[in-house]
Amino acid sequence: MLRSDDTGHSWSGTEKISFANSGTVPITEFWIRLWGNGDAGCGATQPERISNLSGGSIAETEQKCTAFRIVLDSALAPGARTEIGFALAIDVPVRADRFGVNGVDTYVGDALAVLAVKDEHGWELPPYVDFGESFYSLTADYDVTLDHPATLQVPSTGAIAGETHEGDRVVTHISAPKVRDFSWSAGAFHHASMTSATGVTIDAYWPNSESDSNCQSLMRYAAGAIDAYSARYGAYPYPRFSIVFDEFGSAFDGMEYPNYVLSSASEGAVAHEVAHQWWFALVGDDQYRHPWLDEAFAEYSAEEFQGATTPAHNCDWIASDERMDASMDTYEKTGDYLYHDAVYHEGTCMLFDLEHTLGRDAMDRMLRGLFTKFEYGVERPDDVRAMAQSVAGRDLSAFWVKWRNTGD
(Lines give C-alpha, C1' and ligand atoms only; values in the text may rest on other atoms or scores of the structure.)
Protein backbone atom coordinates (compact mmCIF):
# COMPACT_ATOMS: atom_id res chain seq x y z
CA MET A 1 0.00 0.00 0.00
CA LEU A 2 1.26 3.49 -0.91
CA ARG A 3 -0.06 6.83 0.30
CA SER A 4 0.52 10.05 -1.61
CA ASP A 5 1.01 13.59 -0.43
CA ASP A 6 -1.57 16.24 -1.38
CA THR A 7 -0.01 16.73 -4.83
CA GLY A 8 0.55 13.10 -5.86
CA HIS A 9 4.25 13.86 -6.36
CA SER A 10 5.44 11.81 -3.36
CA TRP A 11 4.35 8.35 -2.22
CA SER A 12 5.31 6.20 0.75
CA GLY A 13 4.26 2.87 2.17
CA THR A 14 5.21 -0.76 1.90
CA GLU A 15 5.78 -3.36 -0.78
CA LYS A 16 5.93 -7.15 -0.54
CA ILE A 17 7.34 -9.55 -3.13
CA SER A 18 6.40 -13.22 -2.97
CA PHE A 19 8.07 -15.78 -5.21
CA ALA A 20 8.74 -19.50 -5.49
CA ASN A 21 11.92 -21.43 -6.25
CA SER A 22 11.14 -23.21 -9.52
CA GLY A 23 14.69 -24.58 -9.82
CA THR A 24 16.44 -27.65 -8.49
CA VAL A 25 18.88 -26.06 -6.02
CA PRO A 26 18.27 -23.78 -3.02
CA ILE A 27 18.16 -20.01 -3.56
CA THR A 28 20.09 -17.82 -1.15
CA GLU A 29 20.00 -14.48 -2.97
CA PHE A 30 18.45 -12.62 -5.88
CA TRP A 31 18.27 -9.13 -7.41
CA ILE A 32 15.51 -6.56 -7.59
CA ARG A 33 15.27 -3.52 -9.87
CA LEU A 34 14.18 -0.04 -8.75
CA TRP A 35 14.18 1.91 -12.01
CA GLY A 36 13.25 5.32 -10.63
CA ASN A 37 16.85 5.93 -9.57
CA GLY A 38 18.19 5.56 -13.09
CA ASP A 39 18.96 9.22 -13.69
CA ALA A 40 19.70 10.33 -10.14
CA GLY A 41 21.81 7.40 -8.97
CA CYS A 42 22.81 6.74 -5.37
CA GLY A 43 23.13 10.29 -4.06
CA ALA A 44 21.34 11.77 -1.09
CA THR A 45 18.44 12.83 -3.31
CA GLN A 46 17.68 9.49 -4.95
CA PRO A 47 13.98 9.45 -5.92
CA GLU A 48 13.31 5.92 -4.64
CA ARG A 49 14.42 4.48 -1.33
CA ILE A 50 13.81 1.13 0.33
CA SER A 51 14.35 0.35 4.02
CA ASN A 52 13.27 -1.91 6.88
CA LEU A 53 13.58 -5.16 4.96
CA SER A 54 11.99 -8.31 6.30
CA GLY A 55 12.97 -11.75 5.04
CA GLY A 56 16.32 -10.60 3.71
CA SER A 57 18.93 -7.85 3.63
CA ILE A 58 20.60 -5.66 1.00
CA ALA A 59 24.09 -6.97 0.23
CA GLU A 60 25.07 -4.48 -2.49
CA THR A 61 23.74 -2.08 -5.08
CA GLU A 62 24.65 -1.72 -8.73
CA GLN A 63 23.74 0.38 -11.76
CA LYS A 64 23.21 3.69 -9.94
CA CYS A 65 20.96 2.16 -7.29
CA THR A 66 18.59 0.58 -9.78
CA ALA A 67 19.81 -2.93 -8.88
CA PHE A 68 19.84 -4.34 -5.33
CA ARG A 69 21.21 -7.75 -4.38
CA ILE A 70 19.07 -9.25 -1.64
CA VAL A 71 20.38 -12.06 0.59
CA LEU A 72 17.59 -14.14 2.10
CA ASP A 73 17.50 -14.75 5.85
CA SER A 74 17.28 -18.47 5.10
CA ALA A 75 17.79 -20.48 1.92
CA LEU A 76 14.71 -21.16 -0.18
CA ALA A 77 14.37 -24.85 -1.04
CA PRO A 78 13.26 -26.02 -4.51
CA GLY A 79 9.48 -25.80 -4.78
CA ALA A 80 9.16 -23.59 -1.71
CA ARG A 81 7.86 -20.02 -1.57
CA THR A 82 9.07 -17.02 0.39
CA GLU A 83 8.31 -13.33 0.80
CA ILE A 84 10.32 -10.21 1.41
CA GLY A 85 8.88 -6.90 2.50
CA PHE A 86 10.21 -3.37 2.79
CA ALA A 87 9.25 0.26 3.18
CA LEU A 88 9.21 2.19 -0.10
CA ALA A 89 9.45 5.97 -0.48
CA ILE A 90 9.03 7.69 -3.86
CA ASP A 91 9.68 11.36 -4.64
CA VAL A 92 8.95 11.85 -8.32
CA PRO A 93 11.32 14.44 -9.85
CA VAL A 94 10.05 17.45 -11.80
CA ARG A 95 10.70 16.68 -15.47
CA ALA A 96 8.77 15.77 -18.63
CA ASP A 97 9.32 12.05 -18.42
CA ARG A 98 7.69 8.66 -17.92
CA PHE A 99 8.87 8.94 -14.30
CA GLY A 100 8.38 12.63 -13.65
CA VAL A 101 6.10 15.50 -12.67
CA ASN A 102 5.02 17.06 -15.97
CA GLY A 103 3.37 20.35 -15.04
CA VAL A 104 1.06 19.41 -12.18
CA ASP A 105 0.49 15.80 -13.23
CA THR A 106 2.63 12.95 -11.96
CA TYR A 107 3.77 9.96 -14.01
CA VAL A 108 5.03 7.09 -11.87
CA GLY A 109 6.53 4.72 -14.42
CA ASP A 110 8.21 1.48 -13.28
CA ALA A 111 8.41 2.71 -9.68
CA LEU A 112 7.59 -0.54 -7.90
CA ALA A 113 10.49 -2.89 -7.26
CA VAL A 114 10.46 -5.93 -9.56
CA LEU A 115 12.47 -9.13 -9.56
CA ALA A 116 15.42 -9.10 -11.94
CA VAL A 117 15.56 -11.88 -14.52
CA LYS A 118 18.16 -14.63 -14.50
CA ASP A 119 18.39 -16.30 -17.90
CA GLU A 120 20.95 -18.09 -20.05
CA HIS A 121 23.20 -15.02 -19.78
CA GLY A 122 23.04 -14.95 -15.96
CA TRP A 123 21.51 -12.12 -13.97
CA GLU A 124 20.31 -9.44 -16.38
CA LEU A 125 21.30 -6.13 -14.75
CA PRO A 126 21.52 -3.55 -17.54
CA PRO A 127 21.86 0.16 -16.77
CA TYR A 128 18.94 2.55 -17.14
CA VAL A 129 18.78 4.31 -20.52
CA ASP A 130 17.18 7.71 -21.15
CA PHE A 131 16.04 6.88 -24.68
CA GLY A 132 14.60 3.46 -25.35
CA GLU A 133 14.09 0.97 -22.56
CA SER A 134 16.15 -1.25 -20.28
CA PHE A 135 13.19 -3.15 -18.89
CA TYR A 136 13.02 -6.95 -18.75
CA SER A 137 10.70 -8.74 -16.39
CA LEU A 138 8.52 -11.81 -16.12
CA THR A 139 4.77 -11.75 -15.62
CA ALA A 140 3.43 -11.69 -12.07
CA ASP A 141 0.24 -10.91 -10.18
CA TYR A 142 0.07 -7.40 -8.68
CA ASP A 143 -2.28 -6.30 -5.92
CA VAL A 144 -1.83 -2.57 -5.31
CA THR A 145 -3.55 -0.08 -3.01
CA LEU A 146 -3.11 3.65 -3.66
CA ASP A 147 -4.27 6.15 -1.02
CA HIS A 148 -4.60 9.56 -2.69
CA PRO A 149 -6.54 12.85 -2.55
CA ALA A 150 -10.05 12.64 -3.94
CA THR A 151 -9.14 15.44 -6.37
CA LEU A 152 -6.63 13.16 -8.12
CA GLN A 153 -7.35 10.21 -10.38
CA VAL A 154 -4.87 7.33 -10.61
CA PRO A 155 -5.03 5.62 -14.02
CA SER A 156 -2.83 2.55 -13.89
CA THR A 157 -1.97 -0.93 -14.93
CA GLY A 158 -4.73 -3.39 -14.04
CA ALA A 159 -8.38 -2.86 -13.15
CA ILE A 160 -9.98 -1.16 -10.17
CA ALA A 161 -11.15 -3.80 -7.71
CA GLY A 162 -12.69 -1.31 -5.29
CA GLU A 163 -12.58 2.25 -3.99
CA THR A 164 -13.19 3.57 -0.49
CA HIS A 165 -13.80 7.26 0.23
CA GLU A 166 -12.31 8.47 3.49
CA GLY A 167 -12.97 12.19 3.95
CA ASP A 168 -11.08 14.10 1.28
CA ARG A 169 -9.11 11.03 0.22
CA VAL A 170 -9.79 7.88 -1.77
CA VAL A 171 -8.25 4.46 -1.28
CA THR A 172 -8.11 2.75 -4.68
CA HIS A 173 -7.55 -1.01 -4.76
CA ILE A 174 -6.18 -2.30 -8.07
CA SER A 175 -5.83 -5.88 -9.27
CA ALA A 176 -3.42 -6.64 -12.10
CA PRO A 177 -2.89 -10.36 -12.72
CA LYS A 178 -0.31 -11.68 -15.20
CA VAL A 179 1.47 -8.42 -16.04
CA ARG A 180 5.19 -7.56 -16.39
CA ASP A 181 5.22 -4.45 -14.20
CA PHE A 182 2.94 -1.89 -12.62
CA SER A 183 2.82 1.86 -13.29
CA TRP A 184 0.38 4.68 -12.67
CA SER A 185 -0.30 8.40 -12.99
CA ALA A 186 -1.81 10.92 -10.59
CA GLY A 187 -3.62 14.05 -11.67
CA ALA A 188 -6.87 16.00 -11.85
CA PHE A 189 -7.50 14.45 -15.25
CA HIS A 190 -10.54 14.67 -17.47
CA HIS A 191 -11.91 11.16 -17.97
CA ALA A 192 -14.01 9.30 -20.52
CA SER A 193 -14.76 5.61 -20.91
CA MET A 194 -16.19 3.24 -23.48
CA THR A 195 -16.35 -0.45 -24.31
CA SER A 196 -14.71 -1.74 -27.47
CA ALA A 197 -16.50 -4.11 -29.84
CA THR A 198 -14.62 -7.02 -28.28
CA GLY A 199 -15.70 -6.06 -24.75
CA VAL A 200 -12.58 -4.29 -23.47
CA THR A 201 -13.17 -1.25 -21.25
CA ILE A 202 -11.18 1.72 -22.59
CA ASP A 203 -10.49 4.46 -20.05
CA ALA A 204 -8.98 7.70 -21.36
CA TYR A 205 -7.51 10.48 -19.21
CA TRP A 206 -6.08 13.88 -20.11
CA PRO A 207 -5.10 17.19 -18.47
CA ASN A 208 -6.68 20.58 -19.07
CA SER A 209 -4.08 21.35 -21.74
CA GLU A 210 -5.54 18.73 -24.09
CA SER A 211 -8.71 19.01 -26.20
CA ASP A 212 -11.70 17.09 -24.83
CA SER A 213 -13.08 16.30 -28.28
CA ASN A 214 -9.70 15.17 -29.65
CA CYS A 215 -8.98 12.89 -26.69
CA GLN A 216 -12.44 11.36 -26.85
CA SER A 217 -11.92 10.73 -30.56
CA LEU A 218 -8.54 9.15 -29.84
CA MET A 219 -10.14 6.98 -27.16
CA ARG A 220 -12.41 5.55 -29.86
CA TYR A 221 -9.37 5.17 -32.13
CA ALA A 222 -7.59 3.19 -29.38
CA ALA A 223 -10.64 0.94 -29.04
CA GLY A 224 -10.49 0.25 -32.76
CA ALA A 225 -6.80 -0.60 -32.51
CA ILE A 226 -7.43 -2.99 -29.61
CA ASP A 227 -10.05 -4.80 -31.67
CA ALA A 228 -7.95 -4.87 -34.86
CA TYR A 229 -4.86 -6.23 -33.14
CA SER A 230 -6.99 -8.79 -31.30
CA ALA A 231 -8.34 -10.02 -34.62
CA ARG A 232 -4.91 -10.28 -36.23
CA TYR A 233 -2.67 -11.50 -33.40
CA GLY A 234 -4.86 -12.97 -30.68
CA ALA A 235 -7.45 -11.73 -28.23
CA TYR A 236 -6.55 -9.03 -25.73
CA PRO A 237 -6.95 -10.96 -22.46
CA TYR A 238 -7.34 -8.13 -19.97
CA PRO A 239 -10.67 -6.48 -19.10
CA ARG A 240 -9.36 -2.90 -19.11
CA PHE A 241 -7.00 -0.67 -21.05
CA SER A 242 -6.11 2.84 -19.84
CA ILE A 243 -4.52 5.57 -21.92
CA VAL A 244 -3.29 8.94 -20.61
CA PHE A 245 -2.86 11.73 -23.15
CA ASP A 246 -0.25 14.41 -22.50
CA GLU A 247 2.63 16.11 -24.27
CA PHE A 248 6.19 15.42 -23.17
CA GLY A 249 8.03 17.65 -25.61
CA SER A 250 11.21 16.12 -27.00
CA ALA A 251 11.28 13.44 -24.29
CA PHE A 252 9.01 10.95 -26.07
CA ASP A 253 5.67 10.52 -27.88
CA GLY A 254 4.49 7.69 -25.65
CA MET A 255 5.42 4.94 -23.25
CA GLU A 256 4.09 1.43 -22.94
CA TYR A 257 3.08 -0.45 -19.81
CA PRO A 258 0.78 -3.45 -19.38
CA ASN A 259 -2.91 -2.40 -19.65
CA TYR A 260 -1.85 1.27 -19.51
CA VAL A 261 0.09 3.67 -21.73
CA LEU A 262 1.13 7.30 -21.97
CA SER A 263 0.60 8.86 -25.38
CA SER A 264 0.76 12.17 -27.14
CA ALA A 265 -2.61 13.13 -28.59
CA SER A 266 -2.07 11.82 -32.13
CA GLU A 267 -3.28 8.75 -34.00
CA GLY A 268 0.22 7.53 -34.82
CA ALA A 269 1.31 7.55 -31.20
CA VAL A 270 -1.90 5.85 -30.08
CA ALA A 271 -1.62 3.10 -32.70
CA HIS A 272 1.99 2.42 -31.71
CA GLU A 273 1.43 2.36 -27.95
CA VAL A 274 -1.64 0.15 -28.21
CA ALA A 275 0.37 -2.30 -30.34
CA HIS A 276 2.83 -2.62 -27.46
CA GLN A 277 0.09 -4.42 -25.54
CA TRP A 278 0.91 -7.38 -27.80
CA TRP A 279 4.60 -6.72 -28.47
CA PHE A 280 6.03 -6.24 -24.99
CA ALA A 281 3.15 -6.56 -22.51
CA LEU A 282 1.95 -9.97 -23.71
CA VAL A 283 4.84 -11.23 -25.86
CA GLY A 284 7.74 -10.10 -23.72
CA ASP A 285 11.37 -9.49 -24.59
CA ASP A 286 14.62 -8.19 -23.16
CA GLN A 287 14.22 -4.55 -24.18
CA TYR A 288 17.87 -3.70 -23.48
CA ARG A 289 19.44 -6.63 -25.31
CA HIS A 290 16.90 -6.86 -28.17
CA PRO A 291 15.11 -3.51 -28.58
CA TRP A 292 13.91 -4.33 -32.09
CA LEU A 293 11.74 -7.19 -30.88
CA ASP A 294 9.02 -4.98 -29.49
CA GLU A 295 9.63 -1.58 -31.12
CA ALA A 296 9.83 -2.81 -34.72
CA PHE A 297 6.76 -5.01 -34.28
CA ALA A 298 4.80 -2.20 -32.61
CA GLU A 299 5.66 0.34 -35.32
CA TYR A 300 4.94 -2.12 -38.14
CA SER A 301 1.59 -2.94 -36.50
CA ALA A 302 0.75 0.74 -36.12
CA GLU A 303 1.56 1.62 -39.73
CA GLU A 304 -0.52 -1.27 -41.04
CA PHE A 305 -3.42 -0.33 -38.75
CA GLN A 306 -3.27 3.17 -40.21
CA GLY A 307 -3.66 1.72 -43.69
CA ALA A 308 -0.09 1.54 -44.95
CA THR A 309 0.97 -1.23 -47.31
CA THR A 310 4.56 -0.01 -47.51
CA PRO A 311 6.82 1.65 -44.91
CA ALA A 312 6.11 5.30 -44.13
CA HIS A 313 9.80 6.26 -44.47
CA ASN A 314 12.94 5.46 -46.44
CA CYS A 315 14.61 2.10 -45.98
CA ASP A 316 18.21 3.20 -46.39
CA TRP A 317 20.68 2.56 -43.58
CA ILE A 318 22.20 5.85 -42.48
CA ALA A 319 25.51 4.37 -41.28
CA SER A 320 27.66 1.64 -42.78
CA ASP A 321 28.12 -0.15 -39.46
CA GLU A 322 24.52 0.31 -38.27
CA ARG A 323 22.83 -2.94 -37.23
CA MET A 324 19.30 -3.78 -36.25
CA ASP A 325 20.39 -6.54 -33.88
CA ALA A 326 22.49 -4.19 -31.73
CA SER A 327 21.70 -3.74 -28.04
CA MET A 328 20.95 -0.53 -26.16
CA ASP A 329 24.57 -0.66 -24.98
CA THR A 330 25.62 -0.04 -28.58
CA TYR A 331 22.96 2.57 -29.25
CA GLU A 332 23.93 4.56 -26.16
CA LYS A 333 27.37 4.97 -27.70
CA THR A 334 26.22 5.69 -31.26
CA GLY A 335 23.33 7.97 -30.31
CA ASP A 336 19.57 8.22 -30.32
CA TYR A 337 19.36 8.90 -34.07
CA LEU A 338 20.89 5.51 -34.96
CA TYR A 339 18.65 3.75 -32.44
CA HIS A 340 15.52 5.22 -33.98
CA ASP A 341 16.66 4.55 -37.52
CA ALA A 342 17.68 0.93 -36.93
CA VAL A 343 14.94 -0.18 -34.54
CA TYR A 344 11.94 1.84 -35.71
CA HIS A 345 12.63 2.68 -39.36
CA GLU A 346 14.69 -0.24 -40.62
CA GLY A 347 12.82 -2.60 -38.30
CA THR A 348 9.50 -1.60 -39.84
CA CYS A 349 11.00 -1.87 -43.34
CA MET A 350 12.24 -5.36 -42.47
CA LEU A 351 8.80 -6.54 -41.33
CA PHE A 352 7.06 -5.11 -44.41
CA ASP A 353 9.69 -6.91 -46.51
CA LEU A 354 9.09 -10.11 -44.54
CA GLU A 355 5.36 -9.80 -45.25
CA HIS A 356 6.14 -9.34 -48.94
CA THR A 357 8.49 -12.35 -48.84
CA LEU A 358 6.09 -14.65 -47.01
CA GLY A 359 2.75 -13.35 -48.27
CA ARG A 360 0.08 -11.77 -46.08
CA ASP A 361 -1.55 -15.03 -44.96
CA ALA A 362 1.76 -16.61 -43.95
CA MET A 363 2.80 -13.38 -42.17
CA ASP A 364 -0.43 -13.48 -40.20
CA ARG A 365 0.21 -17.12 -39.26
CA MET A 366 3.70 -16.21 -38.10
CA LEU A 367 2.51 -13.31 -35.95
CA ARG A 368 -0.35 -15.29 -34.45
CA GLY A 369 2.03 -18.18 -33.87
CA LEU A 370 4.41 -15.94 -31.93
CA PHE A 371 1.54 -14.61 -29.84
CA THR A 372 0.17 -18.08 -29.12
CA LYS A 373 3.54 -19.53 -28.17
CA PHE A 374 4.93 -16.61 -26.14
CA GLU A 375 1.86 -14.97 -24.60
CA TYR A 376 2.87 -14.03 -21.01
CA GLY A 377 6.36 -15.34 -21.82
CA VAL A 378 9.56 -14.03 -23.41
CA GLU A 379 10.61 -14.38 -27.04
CA ARG A 380 14.09 -14.09 -28.47
CA PRO A 381 15.36 -13.28 -31.96
CA ASP A 382 15.85 -16.94 -32.88
CA ASP A 383 12.22 -17.58 -31.97
CA VAL A 384 11.09 -15.04 -34.56
CA ARG A 385 13.40 -16.48 -37.20
CA ALA A 386 12.27 -20.03 -36.44
CA MET A 387 8.59 -19.08 -36.67
CA ALA A 388 9.17 -17.24 -39.96
CA GLN A 389 11.07 -20.22 -41.34
CA SER A 390 8.29 -22.55 -40.27
CA VAL A 391 5.56 -20.69 -42.17
CA ALA A 392 7.85 -19.98 -45.16
CA GLY A 393 8.89 -23.58 -45.61
CA ARG A 394 12.26 -22.48 -46.96
CA ASP A 395 15.58 -21.09 -45.81
CA LEU A 396 15.40 -17.39 -44.88
CA SER A 397 19.04 -16.93 -43.83
CA ALA A 398 19.77 -14.46 -46.63
CA PHE A 399 16.80 -12.36 -45.57
CA TRP A 400 18.15 -11.83 -42.05
CA VAL A 401 21.65 -11.11 -43.38
CA LYS A 402 20.17 -8.49 -45.71
CA TRP A 403 18.53 -6.76 -42.74
CA ARG A 404 21.67 -6.92 -40.56
CA ASN A 405 19.75 -8.97 -38.04
CA THR A 406 21.54 -12.24 -37.27
CA GLY A 407 22.58 -11.79 -33.63
CA ASP A 408 21.14 -13.65 -30.69
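User: In what order do the 5 strands of the open sheet stand, and what is their pairing called?

Analyst: In this predicted model, the 5 strands follow the order E17-E18-E19-E21-E20 in an open sheet, and their pairing is mixed. From one strand to the next, the twist averages 15 degrees.

User: What makes E17 and E20 the edge strands?

Analyst: Strand E17, residues 190–195, and strand E20, residues 254–257, each pair on one side only, and they are the edge strands for that reason.

User: How do you know that E19 and E21 count as paired, and in which sense do they run?

Analyst: Two strands pair if there are at least two bridges between them. Strand E19, residues 240–245, and strand E21, residues 260–263, have 4 bridges in the parallel sense, so they meet that cut-off.

User: Why is Lys 64 called partly exposed?

Analyst: Buried means under 20% relative accessible area and exposed means over 50%; Lys 64 has 46%, so it falls in between and is called partly exposed. Lys 64 is found in the loop between strand E5 (56–62) and strand E6 (67–76), and it has a positive phi of about 60 degrees although it is not a glycine.

User: Is Asn 259 buried or exposed, and how do you know?

Analyst: Asn 259 has a relative accessible area of 2%, and because buried means under 20%, Asn 259 is buried. Asn 259 lies in the loop between E20 and E21, and its phi is positive, near 65 degrees, in a residue other than glycine.

User: What is the relative accessibility of Leu 282, and how is Leu 282 therefore classed?

Analyst: The value for Leu 282 is 0%, so with the cut-off of under 20% this residue counts as buried. Leu 282 is placed in the loop between helix H2 (267–275) and helix H3 (292–305). Not counting residues up to four places away in sequence, Leu 282 touches several residues, among them Arg 180, Pro 237, Phe 371 and Tyr 376. Leu 282 and Val 179 are 103 residues apart in sequence, and their C-alpha atoms are 7.8 Å apart in space.

Definitions and conventions: Residues are numbered from 1 along each chain as its sequence is written. This is a predicted model: local features need pLDDT of at least 70, side-chain atom pairs count only at pLDDT 80 or more; totals for chains, interfaces and linings use all residues. Side-chain values use heavy atoms; hydrogens and water are left out. Helices (H or I, at least four residues) and strands (E, at least two) are DSSP runs, numbered from the N terminus. Axes are lines fitted to C-alpha atoms, for helices over the stretch in contact, and angles run from 0 to 180 degrees between N-to-C directions. Buried means under 20% relative accessible area, exposed over 50%, partly exposed in between (1.4 Å probe, protein chains only). Contact means heavy atoms within 4.5 Å.
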